[in-house]
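Subject: Structure for your review

Hello,

Please find the structure below, followed by notes on what was found in it.

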Amino acid sequence: MELKDLLGGKGGNLAEMARLGLPVPPGFTVTTDACRAYLRTGDEPFGLGDEIDLHLERLEQQAGRRLGDTVDPLLVSVRSGAKFSMPGMMETILNVGLTDTTVIGLAGQTGGDERFAWDSYRRLIQMFGRTVCDVPGERFDAALDAAKAAKGTTDDLGLDAGDLRALVETYKDIFTAHTGRPFPQDPREQLDQSIRAVFSSWNAERAVLYRRQEHIPADLGTAVNIVAMVFGNLGADSGTGVAFTRDPATGAAGVYGDYLANAQGEDVVAGIRNTVPLQELATVDRRSYDELLTIMARLEEHYRDLCDIEFTIERGKLWMLQTRVGKRTAAAAFVIAAQLLDDGVIDADEALTRVTGAQLAQLMFPTFDLSGRPERIATGVAASPGAAVGAAVFDARRAADVAAGGTAVVLVRRETNPDDLPGMIAAQGILTSRGGKTSHAAVVARGMGTTCVCGADGIDVDVDARRFTAGGGQVVREGDVISIDGTTGSVYLGALPVQPSPVVRYFEGTLSPGADPLVAAVDRILGHADKVRRLAVRANADTFDDAARARRFGAQGIGLCRTEHMFLGERRPLVERLILARTNEERDAALADLLPLQRADFVRLFQAMNGLPVTIRLIDPPLHEFLPPLEELSVKVALAQSRGEPDGHDRALLDAVQRMHEENPMLGLRGVRLGLVVPGLFAMQIRAVAEAALACREQGVAVSPEIMVPLVGAVQELEAVREEAMWLLSSLGVQARIGTMIEVPRAALTAGEIARAADFFSFGTNDLTQMGWGFSRDDVEGAFFTRYLELGIFGVSPFESIDRDGVGRLVRIAVDEGRRARPDLHIGVCGEHGGDPASIHFFHDAGLDYVSCSPFRVPVARLEAGRSAVAATGSDTR
């Protein structure tokens with residue numbers, strides 16, 4: 001078991017920093033095992049109290065202070081710490097151990113600083129009340145605002161010791177009114193209740209939502225870290241901050257972070273007061289600044305990655321409170337990986353594991369086109385890049401509701417807190433008037449890949465009135481559309497036009513790798529992925545434009561051409577003629593008119609691919625896609641008859657629709673069934689493939705056609721089509737592979753038989769998932785998938801990422817039995833899962849030869865195919 005499995009990321013890294021001899025306050029960690037036991041039973045596991053007693057005694061000896069001592073009290077922080085970083089999603093309680101008597105001792109301990117002591121006490125009551133006892137946080141906020149208003153100040157620092165002492169009494173009254181009991185005066189009771197509250201916060205709504213968003217397993221639990229308090233709110237020579245060893249937004253090397261004098265750590269991440277750049281610490285406390293830089297360099301060297309560091313300075317003494325491999329933007333991830341590769345810190349394989357397909361997909365999103373010189377209404381901190389356009393919404397719950405209704409939103413807040421997570425997930429972008437790159441909004445947005453501008457202090461956000469006012473007097477009300485640029489920090493009124501990102505321009509061939517550091521990093525890492533990957537990557541393409549784009553994006557062929565898409569639009573009347581045909585002559589005439597159109601389609605695809613394989617799926621539409629709805633047509637014919645108007649064509653259509661009507665067309669006359677029932681349909685398409693191949697050869701264009709028969713459930717179906725296809729191809733002197741799409745569960749279970757008649761398999765995982773689960777994708781995703789995700793029945797939609805245990809087992813069975821029957825069987829996948837990063841790793845492990853996806857997902861698939869190959873050798877794929 002890794003250290004972070006047992007101690008969580010925070011506890012494990014604190015232990016590691018202590019081992020390195022860095023200045024870490026004394027403390028101990030309650031393990032994730034204890035949390036899991038507590039969550040199972042609702043009570044702390046046997047012996048935990050004794051263990052805490054033992055380690056608390058050791059902590060008191062190290063600190064030279066005792067919890068509850070009225071003269072020289074020990075205070076501790078109680079913090080969560082899961083294996084994977086979940087910023088702000090679980091609970092923290094600071095200053096545990098303060099009571100009506102120990103607060104006097106704390107003042108004496110700090111040289112009579114009563115203001116500091118009472119400030120720390122009010123913070124404890126506020127945190128403990130909200131976290132442990134569910135006292136509404138706004139009750140405390142209102143009391144604090146009232147105290148500041150009475151004093152005539154807008155800043156906490158404007159309150160003196162007497163003001164804070166009075167505020168403590170108000171807070172205690174609020175606590176008692178809500179809980180029915182006084183604030184606990186036993187420090188050990190405070191500690192025990194705080195530990196249980198942190199355990200319970202693992203299953204808090206926002207933590208569950210965040211885990212689901214980030215695909216973090218729900219059964220890990222959190223460790224709890226009990227650490228001696230060090231204080232950044234002891235005056236001008238104290239403070240707290242967050243530092244990064246590289247810029248988490250761009251990846252550039254340097255000194256990045258935020259510092260806040262005379263403050264505790266929560267003030268920084270909460271964005272309550274705007275911080276100053278970390279470099280300003282050099283002018284305030286040069287010794288601590290130099291020591292911090294030395295430690296930052298050592299930590300980056302030790303962890304071989306960007307490090308995110310929390311620290312406190314207590315009267316000139318630097319203390320390290322946390323470090324972790326820092327969350328970064330997608331752009332920073334690629335740039336940092338390339339830099340570390342250049343520096344010899346990591347090798348090319350590890351550089352590949354440091355980035356993900358999801359991050360590459362983010363880099364392909366459009367950026368704003370500023371050629372029209374739009375006027376900025378505000379500027380803030382560029383916290384998480386991207387171009388976001390949406391209606392301004394000032395409440396997180398309302399943002400989630402508006403977004404669910406189909407409207408793009410930008411969540412606007414003074415600062416965000418963990419309770420805002422639903423709205424943050426739903427929003428296209430996040431804009432705050434407070435906070436910096438280390439604020440809650442910035443850290444969470446970067447982790448989710450959401451555009452974010454923080455600390456736009458030129459805007460005045462009025463949440464109650466649902467509006468903000470920009471510096472020039474411009475008022476933006478809820479519902480007004482704004483555009484925010486997370487790369488520059490700019491805010492604009494209205495919807496700005498967008499343009500392709502530099503990475504897309506690179507794939508399109510209009511931007512050279514050397515023109516941009518990010519593009520150079522993508523080119524280098526993706527190039528290594530192409531060298532090491534075993535899986536080929538093809539594209540799903542039905543048109544020349546899609547096929548050409550797929551080639552530019554690195555596709556190695558077409559894995560799925562859906563010929564039914566070619567029959568829609570202007571060609572629909574020809575298909576209607578085919579469906580309405582009552583005689584062989586009428587049907588043959590309709591097919592004869594379709595043949596040259598199909599031939600031209602295939603010529604264009606072969607030209608685009610120029611020798612790369614092109615897999616053409618024979619027509620696979622439910623017939624209802626080509627015919628008007630039964631109800632609509634019935635009404636149309638009835639109205640025509642009532643007016644005495646001719647209805648010949650519509651009447652014939654209605655007769656055909658009634659004759660072919662199916663309760664569930666997706667399970668009806670489609671795919672191979674249609675080809676066997678409508679004589680000449682498949683033959684026309686196969687002839688078009690062959691004639692297109694001959695035409696291309698005459699032009700000097702190499703061709704590699706593959707004909708795929710859809711919806712096969714029995715080998716006899718494939719044999720019937722294959723026999724006719726082979727005769728046609730042979731008669732025209734054309735060779736082509738003939739295979740089938742495995743999308744019916746029976747086909748997967750009888751793959752050994754079907755392989756006898758197939759040159760290749762291609763998994764249609766969309767239909768295989770629908771039939772495997774008994775779901776209709778068009779209906780169920782909106783009907784109950786959200787509830788299934790909430791209940792944990794799904795970790796992720798099975799249409800988004802392949803269900804490894806169920807549908808994945810069908811895939812493995814088909815691969816094993818198909819290859820056993822035919823060792824040279826070529827196998828790929830062409831459903832939506834072919835472009836999903838997690839699914840690509842599964843397909844690599846299952847032994848497939850290629851994946852096929854939409855053209856824009858081809859670079860993502862190439863990268864993940866390389867990552868899956870490296871992962872198979874045992875490398876870390878964090």
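Helices H4 and H5 are oblique to each other, because their axes pack at an angle of about 140° and only angles over 145 degrees count as roughly antiparallel. Please keep in mind that this is a predicted model.

Helix packing, H4 and H5

H4 covers residues 102-109 and H5 covers residues 114-133, with the two axes 8 Å apart. Their crossing is right-handed. On the H4 side the contact involves Val 103, Ile 104, Leu 106 and Ala 107, and these meet Glu 114, Phe 116, Ala 117, Trp 118, Ser 120 and Tyr 121 of H5. By class, the residues of this contact are eight nonpolar, one polar and one charged.

Helix packing, H35 and H36

A second pair is formed by H35 (residues 837-846) and H36 (residues 858-872), whose axes come within 9 Å and cross at roughly 50°. That angle makes H35 and H36 oblique to each other as well. The crossing of H35 and H36 is right-handed. H35 contributes Pro 837, Ile 840, His 841 and His 844 to the contact. From H36 come Val 860, Ala 861, Glu 864, Ala 865, Arg 867, Ser 868, Ala 869, Ala 871 and Ala 872. The residues of the contact between H35 and H36 divide into eight nonpolar, three polar and two charged.

A three-stranded sheet

Three strands form an open sheet in the order E19-E20-E21, and their pairing is antiparallel. Strands E19 (460-462) and E21 (475-477) are at the edges with a single partner strand each, so one side of each has no neighbour in the sheet. From one strand to the next, the twist averages 15°. E20 (residues 467-469) pairs with E21 over three bridges in the antiparallel sense. Within the sheet, Phe 468 is opposite Val 476 of E21.

Which residues of H31 are buried? In this helix, which spans residues 765-773, they are Thr 765, Asp 767, Leu 768, Thr 769 and Gln 770.

Regards

Methods:
Residues are numbered from 1 along each chain as its sequence is written. This is a predicted model: local features need pLDDT of at least 70, side-chain atom pairs count only at pLDDT 80 or more; totals for chains, interfaces and linings use all residues. Side-chain values use heavy atoms; hydrogens and water are left out. Axes are lines fitted to C-alpha atoms, for helices over the stretch in contact, and angles run from 0 to 180 degrees between N-to-C directions. Helices (H or I, at least four residues) and strands (E, at least two) are DSSP runs, numbered from the N terminus. Angles under 35 degrees count as roughly parallel, over 145 as roughly antiparallel, 65 to 115 as roughly perpendicular and the rest as oblique. A crossing is left-handed if the near helix is turned anticlockwise from the far one by less than a right angle, and right-handed if clockwise. Contact means heavy atoms within 4.5 Å. Ala, Val, Leu, Ile, Met, Phe, Trp, Tyr, Cys and Pro count as nonpolar, Asp, Glu, Lys and Arg as charged, and the others, Gly among them, as polar. Two strands pair if DSSP finds at least two bridges between them. Buried means under 20% relative accessible area, exposed over 50%, partly exposed in between (1.4 Å probe, protein chains only).
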